[in-house]
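I opened this entry to keep a record of what I looked up in the model, one topic at a time. The order follows my own browsing.

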Amino acid sequence: EKKELISKAIQSHGKHRELGDIRGKFIAHTNIGILYDFLGDMGQSIKHHESALKFSIKLGDGLLQATAVGHLGLAGCTHKDYQSARACMERHLELVTHMGDDAAREEALLHLGYISKMQSDSKAAATYYQQALESAKASQNSKNVSIAKVQIGIIMGNAMMQEHMAEICASFGV
């Protein structure tokens with residue numbers, strides 16, 4: 001039933017895409033991309049988010065570009081394509097920072113922390129989470145303060161455990 005509803009939604013947004021102006025096409029492609037992401041169809045999801053990005057560029061709208069590239073980053077995360085996800089999310093961060101959207105910047109930093117962690121880049125992950133923590137404190141976003149603190153704690157704990165295990169192995173001459 002869920003797939004049937006999503007298929008109907010895709011059809012409806014497809015009609016909007018056909019009939020809409022450039023902004024309408026952007027919205028339709030964005031929504032279709034999100035729906036394909038729910039279905040787990042990375043190819044179609046990426047295709048539609050890329051189309052949305054093209055329309056946002058035609059419009060010269062930084063907010064729409066940030067939205068499209070952010071969705072591409074999230075789609076990359078969902079499908080474990082962390083290299084693409086990171087590149088897209090870094091661009092998203094640049095755009096929202098330039099626009100002065102502190103809330104979106106904070107979310108982008110959290111996503112980049114996660115992506116870096118999944119790429120086993122603990123140093124970058126800790127840096128992104130620290131920046132997100134500072135931003136969350138400034139905006140008084142207690143949820144994001146908690147998320148950032150927990151993630152920083154996990155990264156630090158893993159690093160300490162690795163050091164401890166290395167010391168144990170060294171003491172046994174391993």
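I began with Asn31, which sits in helix 2, the stretch covering residues 22-39. The model is a predicted one, and in it Asn31 comes out as partly exposed, with a relative accessible area of 25%. I then looked up how Asn31 stands to Val150: the two are 119 residues apart in sequence, and their C-alpha atoms are 32 Å apart in space.

**Overall build.** I went through the secondary structure next and found eight helices and zero strands in the protein, which, read along the sequence, gives the pattern α-α-α-α-α-α-α-α. The radius of gyration is 20 Å, well over the 16 Å that the globule rule gives for 174 residues, so I noted the protein as more spread out than a compact globule. The C-alpha trace spans about 70 × 35 × 25 Å along its principal axes. I also wrote down that buried residues make up 39% of the 174 residues, and that the accessible surface comes to about 10,100 Å², with 56% of that belonging to carbon and sulfur atoms. Of the contacts with a separation of 6 or more, residues 24 or more positions apart account for 46%.

**Helix 4.** How far does helix 4 reach from its first C-alpha to its last? I found 24 Å for its 17 residues (62-78), close to the 24 Å expected at 1.5 Å a residue. Because 12 of these 17 residues are buried, helix 4 is largely enclosed by the rest of the structure. The buried residues include Leu64, Ala66, Val69, His71, Leu72 and Cys77, and glycines are also among them, namely Gly70, Gly73 and Gly76. What covers the buried residues of helix 4 includes helix 2, helix 3 (42-59), helix 5 and helix 6.

**Two loop residues with positive phi.** I checked Lys80, which lies in the loop between helix 4 and helix 5, and found its phi near 60 degrees, a positive value in a residue other than glycine. Lys80 is exposed, with a relative accessible area of 62%. Further along, Gln140 lies in the loop between helix 7 and helix 8, also has a phi near 60 degrees, and is exposed at a relative accessible area of 73%.

**Nonpolar cores.** Which residues have the most contacts inside the largest nonpolar core? I noted Leu93, Ile115, Tyr128 and Tyr129, in a core of 21 residues. Helix 5, helix 6, helix 7 (122-139) and helix 8 (142-171) each supply at least two residues of this core, and the largest share, seven residues, comes from helix 7. Another core lies apart from this one and has nine residues, including Ile46, Ala66, Leu72 and Ala75.

**The aromatic pair.** I looked for paired rings, with a cut-off of 6.5 Å between ring centres, and the count came to one aromatic pair. The rings of Tyr82 and Tyr114 have their centres 6.3 Å apart and their planes at 75 degrees, so I recorded the pair as edge-to-face, the cut-off for that class being over 60 degrees. Since Tyr82 lies in helix 5 (residues 82-99) and Tyr114 in helix 6 (residues 102-118), the pair ties together parts that are 32 residues apart in sequence. Tyr82 counts as buried at 11% relative accessibility, whereas Tyr114, at 32%, counts as partly exposed.

I closed with helix 8, whose 30 residues reach 43 Å from first C-alpha to last, close to the 44 Å expected at 1.5 Å a residue. Its buried residues are Asn144, Val145, Ala148, Gln151, Ile152 and Ile155, and they pack against helix 6 and helix 7. Helix 8 is followed by Gly173, whose phi is positive, near 70 degrees.

Conventions: Residues are numbered from 1 along each chain as its sequence is written. This is a predicted model: local features need pLDDT of at least 70, side-chain atom pairs count only at pLDDT 80 or more; totals for chains, interfaces and linings use all residues. Side-chain values use heavy atoms; hydrogens and water are left out. Rings of Phe, Tyr and Trp (its six-membered ring) pair if their centres lie within 6.5 Å; planes under 30 degrees apart count as stacked, over 60 as edge-to-face and the rest as tilted. Helices (H or I, at least four residues) and strands (E, at least two) are DSSP runs, numbered from the N terminus. Buried means under 20% relative accessible area, exposed over 50%, partly exposed in between (1.4 Å probe, protein chains only). A nonpolar core is a set of buried Ala, Val, Leu, Ile, Met, Phe, Trp, Tyr and Cys residues joined through side-chain atoms within 4.5 Å. The radius of gyration is taken over C-alpha atoms; the globule rule is 2.2 Å times the number of residues to the power 0.38. Contact means heavy atoms within 4.5 Å. Accessible areas come from the Shrake-Rupley method with a 1.4 Å probe; for residues, only the protein chains shown count as cover. The expected span of a helix is 1.5 Å times one less than its number of residues.
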